[in-house]
Amino acid sequence: MSRLRWVWGPQLFVSMLVAVCAVYGIMTAFVQHEVLAVQAKALAVQQDAQTHIQLHMASVAALQQELASTYSWISQVNCSQQPCIALTFDDGPNAATTSQILSILEKEHVSASFFVVGSRIAGNEALLRQMYADGDEIGNHSWSHPDLTTLKPDQVRQQVAMTQSAVEAAGVPTPTLFRPPYGAVNKSVLSNIPLTVMFWNEDPQDWAANSPQQVEQAVESTTKPGGVVDMHDIYQITADSLDPIIQKLKSEHYQFVTVSQLMGLKPGQPGEYYGLKPQDFQANGE
Ligand code: ZN
C-alpha cells in the first residue's frame with residue numbers, strides 16, 4: 001500500500017498541477033482579453049469625447065468670430081492685453097476715396113473714426129450710413145473747415161451745430177466728438193464746443209505724401225500702442241496706402257478701435273478733452 005501511494009501520489013500531484021495550470025492559463029487569458037476589450041472601449045469613448053470637444057470648440061470659435069465681426073461696434077476692447085490703434089480720417093466724405101476706404105475697412109473687419117466736414121455730406125449721406133453700419137465712429141470736423149480761432153463764438157457754435165444737424169439728417173447718431181480743423185483751438189473756441197475735443201498723436205502727413213508707400217512708411221515708423229493716427233479720406237494716395245498699413249499692423253497684433261473705444265468714452269459723453277494742451281499744440285494738420 002505504501003508503495004502504491006508512492007507511485008500514485010506524484011502522478012496525481014503532477015496531473016492536478018497540470019490541470020490547475022491549465023485552468024489558471026485559461027482564466028488569465030480570459031481576464032486579459034476582457035481587460036483589453038475594456039481598455040479599447042475606454043479609448044474609443046475618450047477619442048469620441050475629444051472629437052466632440054474639438055467640434056464644439058471649433059463651432060464656438062466660429063461663432064465668436066462671427067459675433068466679433070458683426071458686432072465689432074459694441075464689442076469690448078482691452079488695450080492692456082492687446083495693443084490698440086485708432087485710425088482716424090478727416091475732411092471727408094468724398095464719394096470716390098471714402099467709399100474705397102470703407103470697402104477696405106469692411107473687408108478687413110477694421111473699425112475706424114471719421115471726422116466729417118458738414119458741407120461735404122450732401123450727396124454722400126449713404127457713406128455716413130455705411131460707416132455707422134460697419135461700426136465706424138463719426139465725429140464732427142466743422143461745417144466748412146475754417147480756423148476756428150479766427151471766428152466769433154457764435155460762428156464757432158454754428159460750425160459745430162450745422163454739421164451735427166447734417167449728420168443727424170443722414171440718419172446716423174449725432175456725433176459726440178469734435179476734431180478742430182488744423183488742430184487750431186484756444187480757450188474761447190474750446191468753451192464753445194459742447195463735444196469731446198479729439199486730437200491725434202500720430203501724424204503721418206498723408207496730405208503731403210507723394211506716394212502710398214510714403215504714407216505706409218510714415219505710419220509704420222510712428223505707430224505705437226494707444227496711437228491715434230490722423231489721416232485724410234479725401235486723398236487717393238491715402239486710400240491706396242490703407243490696405244498695406246492694415247496688413248502691417250495686423251502682423252504686429254494690433255487691434256483696431258475707434259477713438260471712443262480707445263479713450264474708454266461712453267456714447268453721448270461730451271465735454272472731455274483729449275490731446276495736447278492748446279498752447280503746446282502745433283497746428284500742422286489739415
Ligand atoms: Zn481737416
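## Terms and model

Two residues are in contact if their C-beta atoms, placed from the backbone, lie within 7 Å. Helices (H or I, at least four residues) and strands (E, at least two) are DSSP runs, numbered from the N terminus. A residue is buried if 20 or more other C-beta atoms lie within 10 Å of its own, exposed if 12 or fewer, and partly exposed in between.

This is a predicted model: local features need pLDDT of at least 70, side-chain atom pairs count only at pLDDT 80 or more, and totals for chains, interfaces and linings use all residues. Residue numbers start from 1 along each chain as its sequence is written.

## The chain

The chain has eight helices and eight strands. Of its 286 residues, 35% are buried. Among contacts with a separation of 6 or more, 80% join residues 24 or more positions apart.

## Helix 2

Helix 2 covers residues 95-107.

Thr97, Thr98, Ile101, Leu102 and Leu105 are the buried residues of helix 2. They lie on the same side of the helix, because their arc around the axis is only 135 degrees. That arc is taken from the directions from the helix axis to the C-beta atoms. An α-helix has 3.6 residues a turn, so residues three or four places apart point the same way. Cover for the buried residues of helix 2 includes strand 1 (84-90), helix 3 (125-133) and helix 7 (236-251). The face turned away from the buried side carries exposed Ala96 and Lys107. Just after helix 2, His109 takes a positive phi of about 55 degrees.

## Helix 2 against helix 7

The axes of helix 2 and helix 7 come within 9 Å and cross at roughly 5 degrees. Axes are lines fitted to C-alpha atoms, for helices over the stretch in contact, and angles run from 0 to 180 degrees between N-to-C directions. The two helices are therefore roughly parallel (angles under 35 degrees). Helix 2 makes the contact with Thr97, Gln100, Ile101 and Ile104, and helix 7 with Gln236, Ala239, Leu242 and Asp243. By class, this contact has four nonpolar (Ala, Val, Leu, Ile, Met, Phe, Trp, Tyr, Cys and Pro), one charged (Asp, Glu, Lys and Arg) and three polar residues (the others, Gly among them).

## Helix 6

Helix 6 (residues 212-222) has Pro212, Val215, Glu216, Ala218 and Val219 buried. Their arc of only 165 degrees around the axis puts them on the same side of helix 6. The buried residues of helix 6 pack against strand 6 (227-232) and helix 7.

Methods. The expected span of a helix is 1.5 Å times one less than its number of residues. Angles under 35 degrees count as roughly parallel, over 145 as roughly antiparallel, 65 to 115 as roughly perpendicular and the rest as oblique.
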